[in-house]
Amino acid sequence: MSTAAAVPTAAMGGQARAIDADFDARYRRNQRTHRLVVSVVRILIVLALLGAWQGLSGPVIDPFWVSSPRAIGERLLEWTRDGTLASNARATLLAMAIGLALGSTAGIAAGFLLGRIRFLGDVLNPFIIALNSLPKLALAPLFILWFGIGLQAKVVMTALVCFFLVFYNTFAGARDADSELLGVVTVLGANGRQRLTKVILPHTMSWILTGMRLAVPYSLLGAVVSEITASNEGLGHLLKTSANTFDTAGTFAAIAVLVVVALLLNIAVTRAESLSSRWK
C-alpha cells in the first residue's frame, strides 16, 4: 500500500516542479520583453524630442537661443578630436573621485563614532547641523582664497558636500541598531567585538550604502559648481566658458556631457548597491 501511494506522490511532485519551471521561464520571458519594450519606447521618445528640436531650430526658434542637435553634435565631435573634452572630463572626474573618497571616509568614521558614543553625538550635533545648514556655494570663495583655483579647491568642496550625506546616514544607522537583537546576542555570550561585527556593522552598512548612493551624484555637482565658480579646467569650466562667449552649441554640448556622466554614475551606483546588498 505504501509503495503504491508513493508513486502518485512522486508523480505529483514532478508535475509541480515542471509547473514551477514553466512559470519561471514565462516570467523571465515576460521580464525580458518588458525591458525591451521600455527601452524601445525610451529611445523613440528621445529621437522624437531631438527631431522636434532640430525641426524647430531655425524656422521657428532662433538657433542663437536653443542651438540644434546637429550643431551640438558637431561641437562635441570637435572637442573630441582636439582633446578638449577628454582633458576637461578627466579633471572633473578626478576632483569628483578624490572628493568623494575623502568626504565619504570622513563621513563614515564621524557618523559611526558619534552614533555609537551618544554623549559625544548629543554635544556636537548642533554644531554639525549649523555647518550643514550653511549653503556650500557660500564657502566656494573662501576655498578659492585658501586653495586657489586648481584641484585642491574642487576636492575640498566635493568632499564637504559628500561628507554630510554620508555622515547623517551612518549616524542614523549606528544609532538605530536593533537593541533587542543586541540584548539577545549579549545573553548568548557575545562580547563587545562580536556585537560590533555581527550586529551593529551589518545593520549600519545598509545606511552607509544609501548615503553613498546619494553622495555619488552630488560629488559631480560639487566638482562642477567649484569649476563654474573659479577654475581653469573641467566640465564646469567648459560650460562657463561657452556661456560667457555666447556659444549656445558649446553650452548645450557641455550640459549633454554632464547629463551622460550623471546617468552613467547613477547606473554604476545602482548596480553596486544591488551587488553589495546580496548578503541580506
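User: What should be kept in mind about the model and its numbering before the labels are read?

Analyst: This is a predicted model, in which local features need pLDDT of at least 70 and side-chain atom pairs count only at pLDDT 80 or more, while totals for chains, interfaces and linings use all residues. Residues are numbered from 1 along each chain as its sequence is written, and side-chain values use heavy atoms, with hydrogens and water left out.

User: Why is the contact between Arg75 and Asp247 called a salt bridge?

Analyst: A salt bridge is a side-chain nitrogen of Lys or Arg within 4 Å of a carboxyl oxygen of Asp or Glu. The closest N and O atoms of Arg75 and Asp247 are 2.2 Å apart, and the pair counts as a salt bridge. This pair links distant parts of the chain, with Arg75 in helix α3 and Asp247 in the loop between α10 and α11, 172 residues apart. Helices here are DSSP runs (H or I, at least four residues), numbered from the N terminus.

User: How do you know whether Lys154 and Glu227 are buried or exposed?

Analyst: Buried means under 20% relative accessible area, exposed means over 50%, and partly exposed lies in between (1.4 Å probe, protein chains only). Lys154 has a relative accessible area of 1% and is therefore buried, and Glu227, at 0%, likewise counts as buried. These two side chains form a salt bridge with their closest N and O atoms 3.2 Å apart, which joins helix α7 to helix α9 (residues 192-229) across 73 residues. By contrast, Asp247 counts as partly exposed because its relative accessibility is 21%.

User: Why is the pair of Phe143 and Phe147 called tilted?

Analyst: Rings of Phe, Tyr and Trp (its six-membered ring) pair if their centres lie within 6.5 Å, and planes under 30 degrees apart count as stacked, over 60 as edge-to-face and the rest as tilted. The structure holds 9 aromatic pairs. In the pair of Phe143 and Phe147 the centres are 6.4 Å apart and the planes stand at 50°, so the pair is tilted. Both residues lie in helix α6 (residues 136-147), 4 residues apart; Phe143 is buried, at 9%, whereas Phe147 is partly exposed, at 33%.

User: What makes Phe163 and Phe167 a stacked pair?

Analyst: Their ring centres are 5.6 Å apart and their planes lie at 15°, so the pair is stacked.

Terms used
Helices (H or I, at least four residues) and strands (E, at least two) are DSSP runs, numbered from the N terminus.
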